[in-house]
Amino acid sequence: MNSFNYERATAPEAAIHSGSAHNAKFLAGGTNLVDLMKYGVESPATLVDINHLSLNQVVASPDGGVTIGALVRNSDLADHALIKNQYPLLSQALLSGASPQLRNMATTGGNLLQRTRCYYFTDVSFPACNKREPGSGCAAIKGYNRIHAVLGQTDKGPASGETCIATNPSDMNVAMAALSAKVEVQGAHGKRTIPFSEFHRLPGSTPSVETALKPDELIVAVTLPPAKFSKNAFYLKIRDRNSYAFALISVAAGLEMDGGQVKSAGLALGGVALKPWREPDAERLLIGKPATIEVFKQVADTLLRGAKGYEHNAFKIEMAKQGVVRCLTLASQGTTEGTQA
Ligand SMILES: Cc1cc2nc3c(=O)[nH]c(=O)nc-3n(C[C@H](O)[C@H](O)[C@H](O)COP(=O)(O)OP(=O)(O)OC[C@H]3O[C@@H](n4cnc5c(N)ncnc54)[C@H](O)[C@@H]3O)c2cc1C
């Protein structure tokens, strides 16, 4: 491991100041960053420990939504009464991730920024990774790509020009996307709010730039709008092993029902792209329609349109379509407690 400076911040402004130094990184739960430092993927010159900032509250917002501090641990968030009762989709997604021990350490901000599990990214003995070494290529495209993306590999359509086919590994992010969360950030020049759909980036021509966050910006909170999907929500995670494994694909579905018809919907896919995949056209297909398999199949086809598989992951396209139908069906039948981990 490389040597590095360690600083403990006690106020956001001090953290931001220290974080603006060359090659500084914020340290939250450390469950991803420290692993990557041990692998030699990340080698920050300074670690700014933010664990002593007062960002660990979950509070009801005046608009009827909720504000989640960036340092709220995944286990505390999943178990929080307000989240369990009003945003069960988020609670289910969190409980499907990692293990109880990891969730006790992992934070909301760190989970948002956890990095891909692409083998070619995490193993520095592979020379080609545009994310690690811009311009070096993407070994996954012609390599072993079972866990990789089938959507959003290029801004110009799936025919050519892929620079990176990694996926975002977070379960929490998929639920946050379906719930239309917003990310509150603070930097040297003040505070700003980033809609969740704009927070994570597709690879385009700069796959090493993963989010809209600037290097010196600190995530202070995530906000959720007033809850609409408390009664009809489901997080479906499909993985090689039924516990303690990342998703091959996952689906977060929230439905606001009016009688037998869908009044509004939030739907996102995980494990298929470098960001949670949401498609407004697919959600529009649900509005005013009855909750039937036929409608859900049309939604799945629309959500997966343009998908492109590779040698080892083409199965994900059909798996995702069937997952969407199953998840929407389960959501329409009513929320159940999620205990998938
Ligand atoms: C064995 C294992 C299995 C796992 N399985 C799953 C799984 O099934 N599903 C899943 O979703 N996740 C899984 N995870 C990942 C885990 O959820 C993440 O490691 C965790 O959420 C990261 O949070 P952290 O607080 O530890 O982040 P850290 O490791 O501290 O930080 C991660 C990144 O975020 C940055 N950062 C942290 N907080 C802030 C902030 N407030 N502002 C700006 N930048 C910040 C750090 O600088 C760093 O770049 C697994 C992890 C392990 C080790």
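**Close-up views of salt bridges and the ligand site**

View 1. Arg 284 and Asp 281 are joined by a salt bridge, with 2.5 Å between their closest N and O atoms. A salt bridge is a side-chain nitrogen of Lys or Arg within 4 Å of a carboxyl oxygen of Asp or Glu. The two residues belong to helix H11 (residues 280-284) and are three residues apart, about one turn of the helix. Helices (H or I, at least four residues) and strands (E, at least two) are DSSP runs, numbered from the N terminus. Arg 284 is exposed at 53% relative accessible area, whereas Asp 281 is partly exposed at 30%. Buried means under 20% relative accessible area, exposed over 50%, and partly exposed in between (1.4 Å probe, protein chains only).

The model is predicted: local features need pLDDT of at least 70 and side-chain atom pairs count only at pLDDT 80 or more, while totals for chains, interfaces and linings use all residues. Residues are numbered from 1 along each chain as its sequence is written, and side-chain values use heavy atoms, with hydrogens and water left out.

View 2. The closest N and O atoms of Lys 321 and Asp 301 are 3.6 Å apart in a salt bridge. Lys 321 lies in helix H13 (residues 315-332) and Asp 301 in helix H12 (residues 293-303), so the pair ties together parts that are 20 residues apart in sequence. Lys 321 is partly exposed at 24% relative accessibility, and Asp 301 is partly exposed at 42%.

View 3. The side chains of Asp 171 and Lys 237 form a salt bridge (2.7 Å, N to O). Asp 171 lies in the loop between helix H8 (119-122) and helix H9 (172-178), and Lys 237 in strand S9 (residues 233-238), so the pair ties together parts that are 66 residues apart in sequence. Both Asp 171 and Lys 237 are buried. An N or O atom in the side chain of Asp 171 is also 2.7 Å from a nitrogen atom of the ligand.

View 4. A backbone N or O atom of Gly 30 lies 2.7 Å from a ligand oxygen atom.

Technical notes: A polar contact is a pair of N or O atoms within 3.5 Å; within protein, one must be able to donate a hydrogen and the other to accept it, and residues adjacent in sequence count only if both atoms are side-chain atoms.
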